[in-house]
Amino acid sequence: MTPTDSNMMVVREQTPSEALAIVPIQFFVPASQQTTTDADFEPTPMLQIEGARETTPETPKQLQETTPKLPPAPTKIHPDAEDAAALLMMARTATYVPKTDPGMPSFSLGLTDSSQEGASTQETEREKSPETATMLEQLDSLVQKLASSAAKGKDESPQIQRETGGESSAKLETPGGINQIPDDMKQKCYIWGTRLKEDAKGDTDEYEEICTLIGQGEYILMRTHLASFQAKSDIESQIVSAICLILNQKNEKRFQEQIYCLPPDIVSMALSDHPRGEFISPKTKKEFMVEAYPSFIHFIDRKKLSSHPYIFAPVCHSGHWWLWLINTRKRKCQILDPLHKKAPSDERKDINKFTGYVFSRLITYAGGKPLEKGEKEKEIKASYVKISGQKTSYDCAIYVMKWLELIEPENIKKGKYEWDNWTQEEVDHYRVEYASRILFSEMNKQRDRAIRESSAIRLSKPSSVLLSPFCQINSADIETG
C-alpha cells in the first residue's frame with residue numbers, strides 16, 4: 001500500500017438503489033504526527049464520500065458538496081504530567097461516593113491509583129450531580145480550547161493555566177461561597193491541613209501555625225490541631241473553639257439574635273484546675289474566678305453572652321465531649337451527650353455541678369444575671385436529653401459541633417429530641433467539611449495561603465494507601481508544585 005492508501009479505510013453503506021456500496025473514508029493525519037504509532041493518536045476522520053448515486057434529495061454526494069471541511073482536530077494531547085494529574089483529579093473527585101466495604105474508609109478522597117482505572121468506567125452509570133456536570137463542562141471546554149489552538153498551527157500542546165491563590169480566593173468569595181467549594185477542593189484542603197511533614201532528623205512541623213482567626217482577637221491554630229481530624233482521632237479543644245468563633249460570626253438570625261456558642265477554652269482550663277469538679281482547686285487552692293484566665297477572656301463576646309436567650313456551651317472532660325443548652329430567660333439547663341442518656345457516674349454529677357457554676361459566673365462576668373442566686377449557684381442542676389448519638393468512641397466532638405449548628409432548643413420536649421441520626425459515612429465526611437470550613441473561613445488571615453497550597457496538592461506516588469481519607473500522609477506521598 002502507498003502512504004496515501006495507508007490512511008484509507010473501506011466501509012459498506014446501504015443506499016436506496018442498491019444493497020451495498022463501497023465508500024472509502026479518508027483520514028487526515030497532520031504532518032507532525034506521521035511517524036506516530038497507531039496506539040499514540042486518535043485522529044478525527046474527514047469523510048470523502050464517493051460513488052453514491054443521486055436518487056434522493058439528500059445524497060452522499062450532495063453532503064460532500066454542502067458540508068464545509070473542518071480543520072483537523074489535534075491528535076492525542078500530551079500535557080505535562082502535573083497537568084494530567086490535575087485533570088485526572090478533577091474528573092475523579094467531582095462527587096462524594098460512600099464506600100460499602102467495611103474495611104475501607106466510608107468515603108473516598110478521589111485519589112486513585114492505576115488499579116482502580118477500570119472501576120472508573122462505572123461512573124457513567126451513576127446519576128451525575130450538578131457539581132459533576134459543571135466539572136465535565138469545564139473539561140469539555142478545556143479540550144475545545146486545546147483543539148482550537150492546535151488548529152491555528154501550534155505544534156506544541158498549550159499548557160493548562162493554573163489558578164493563583166488570589167484567583168481561587170476570589171471564586172470562594174462569591175455569595176454563599178463556602179457552600180460552593182467543590183468536593184475535591186475540600187479534600188485537598190483536608191490533606192494539606194492534616195498531613196505532617198518529617199525532616200531527616202525525625203522532627204515534624206506539627207507546631208507550624210497554619211490558621212489565624214480574626215474575631216475578638218487572633219485565635220491561632222497549629223498543624224497539630226488540624227491533624228486531630230485524622231481517622232479515629234479525638235478532636236482538639238481548639239478546633240471546637242474555632243468552630244464556635246466561626247458560627248458566632250455567621251450572618252444568620254440563629255447566631256446573631258438567638259444562640260451564642262460559648263468557646264470551651266475557659267471551661268477546659270477550669271476543669272484542668274478542678275479535675276473532679278471540686279470548688280476549691282487542689283492545684284491553686286482557690287475557687288474558680290473568670291479573671292484567672294485573661295488569655296481567653298477576649299475571645300468571649302460579652303454582649304451576646306449576656307443578651308442571647310440561649311447559650312450553647314461545649315464541655316470536654318477525660319477526652320469526651322457533651323453539650324450544655326442554657327436557657328437564660330427561664331434559668332434552665334439541659335445536657336446533650338452523644339454517648340450517655342444520664343450522668344454515668346457520681347464524679348460526672350460533681351463535674352456537671354461545677355461546670356454549671358462556671359457558666360453562671362461567666363454570664364455574670366459578661367453583665368447578665370446568674371443562673372442561681374447565692375449558694376444555690378453551686379447546686380445548678382441540668383437534666384439529660386435523650387438523643388441518638390455516636391457509634392464510636394472518638395466522634396463525640398463531631399456530634400457536638402453539628403449540634404451547635406442544628407439543634408433547635410425550643411423543640412426539646414419532655415427530655416427528648418427527635419433526631420434522625422447520621423450514618424457513619426456522614427460523620428466521617430464531616431471531618432473533611434470542618435477542616436475546609438476552618439481553613440477557608442473569611443476569618444482566617446492565612447486563608448489565601450490555605451487555598452493556594454491546597455490547590456497545588458497532587459499525587460506523586462499513587463498508592464492504595466492514599467485511598468483512605470484519614471491515612472497519615474507525609475511529603476513522601478504528596479507533593480506540591
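**Figure 1. Lining of the largest cavity.** The lining of the largest cavity in this predicted model divides into 6 nonpolar residues, no polar ones and 1 charged. Here Ala, Val, Leu, Ile, Met, Phe, Trp, Tyr, Cys and Pro count as nonpolar, Asp, Glu, Lys and Arg as charged, and the others, Gly among them, as polar. The lining residues are Ile297, Ile300, Arg302, Leu305, Leu362, Tyr365 and Ala366. Two or more of them come from each of α11 (302-307) and α12; helices (H or I, at least four residues) and strands (E, at least two) are DSSP runs numbered from the N terminus. The volume of the largest cavity is about 40 Å³, and the count is 1 cavity of 30 Å³ or more. A cavity is a set of points, on a 1 Å grid over the protein atoms alone, where a 1.4 Å probe fits but cannot get out, and lining residues have an atom within 4 Å of a point. Grid points are joined across faces, edges and corners, and a volume is the space filled by probe spheres set on the points.

Residues are numbered from 1 along each chain as its sequence is written, and side-chain values use heavy atoms, with hydrogens and water left out. Local features need pLDDT of at least 70 and side-chain atom pairs count only at pLDDT 80 or more, while totals for chains, interfaces and linings use all residues.

**Figure 2. Histidine 308 in the loop between α11 and β7 (310-317).** Histidine 308 is buried, at 4% relative accessible area (buried is under 20%, exposed over 50%, partly exposed in between, with a 1.4 Å probe and protein chains only).

**Figure 3. Two aromatic pairs.** The model has 11 aromatic pairs, in which rings of Phe, Tyr and Trp (its six-membered ring) have centres within 6.5 Å; planes under 30 degrees apart are stacked, over 60 edge-to-face and the rest tilted. Phenylalanine 288 and tyrosine 293 are stacked, because their ring centres are 5.9 Å apart and their planes at 25 degrees. Phenylalanine 288 is buried at 4% relative accessibility, and tyrosine 293 is buried at 8%. Tryptophan 324 and phenylalanine 359 are edge-to-face, with 5.2 Å between centres and 65 degrees between planes. Tryptophan 324 belongs to strand β8 (residues 320-327) and phenylalanine 359 to helix α12 (residues 346-365), so this pair ties together parts 35 residues apart in sequence. Tryptophan 324 is buried, with a relative accessible area of 0%, as is phenylalanine 359, with 1%.

**Figure 4. An aromatic cluster and charges over rings.** Ring pairs join Tyr399, Trp403, Tyr417, Trp419, Trp422 and Tyr430 into a cluster. Lysine 402 lies over the face of tyrosine 430, 4.4 Å from the ring centre. Elsewhere, the charged end of arginine 348 sits over the ring of tryptophan 322, 4.1 Å from its centre. A charge sits over a ring if NZ of Lys or CZ of Arg is within 6 Å of the ring centre and within 35 degrees of the ring normal.

Figure 5. The structure holds 0 disulfides, a disulfide being a pair of cysteine sulfur atoms within 2.5 Å. The sulfur of cysteine 211 is 9.6 Å from the closest cysteine sulfur, that of cysteine 189, which is too far for a bond. Cysteine 261 is also in no disulfide, and its nearest cysteine sulfur, in cysteine 244, is 5.1 Å away. Cysteine 211 is buried, with a relative accessible area of 0%, and cysteine 261 is buried at 0%.

Terms used
On a 1 Å grid over the protein atoms alone, a cavity is a set of points where a 1.4 Å probe fits but cannot get out, and a pocket is an open set with protein on both sides within 12 Å along at least five of seven lines; lining residues have an atom within 4 Å of a point.
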